[in-house]
Amino acid sequence: MALEVRVEPARCIGSGSCANNAPGTFALDRSTMLASVVDPGGDPEEDVVRAAEACPTAAISVHRDGVRLA
């Protein structure tokens, strides 16, 4: 099953670590400088999990089949 990837906007500070680690999955909005998910399957699962773990505010969650990976 596909990954479910979420960014909690209220926690995001726009550090860009997610987009640096998984640029096919995450992007920073140019106007708000907040992260968003552009394609949950845009990068290998390991990169998406690494991106979530690198988030300094833990604003990103990654789930597969109801199990939290990050």
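Start by clicking on Arg50: is it buried, partly exposed or exposed? Arg50 counts as partly exposed, at 41% relative accessibility (buried is under 20% relative accessible area, exposed over 50%, partly exposed in between, with a 1.4 Å probe and protein chains only).

Before moving on, some ground rules. This is a predicted model, where local features need pLDDT of at least 70 and side-chain atom pairs count only at pLDDT 80 or more, while totals for chains, interfaces and linings use all residues. Residues are numbered from 1 along each chain as its sequence is written, and side-chain values use heavy atoms, leaving out hydrogens and water.

**Salt bridges**

Helices here are DSSP runs (H or I, at least four residues), as are strands (E, at least two), numbered from the N terminus.

Next, select Glu45 and Arg64, whose side chains meet in a salt bridge at 2.9 Å, N to O. Glu45 lies in helix H2 (residues 45–54) and Arg64 in strand S4 (residues 60–64), so this pair ties together parts that are 19 residues apart in sequence. Glu45 is partly exposed at 28%, and Arg64 is partly exposed at 29%.

Now jump to Arg6 and Glu4, a salt bridge with its closest N and O atoms 2.2 Å apart. A search of the whole structure finds three salt bridges, so that's the set, as defined by the cut-off above.

**The core**

Select Val5, Val7, Cys18, Phe26, Val48, Ile60 and Val62: they have the most contacts inside the largest nonpolar core, which has 18 residues (a set of buried Ala, Val, Leu, Ile, Met, Phe, Trp, Tyr and Cys residues joined through side-chain atoms within 4.5 Å). H2 gives the largest share, four residues.

Zoom in on Val5. Its contacts (heavy atoms within 4.5 Å) include Phe26, Val37 and Pro40, leaving aside residues up to four places away in sequence.

Conventions: A salt bridge is a side-chain nitrogen of Lys or Arg within 4 Å of a carboxyl oxygen of Asp or Glu.
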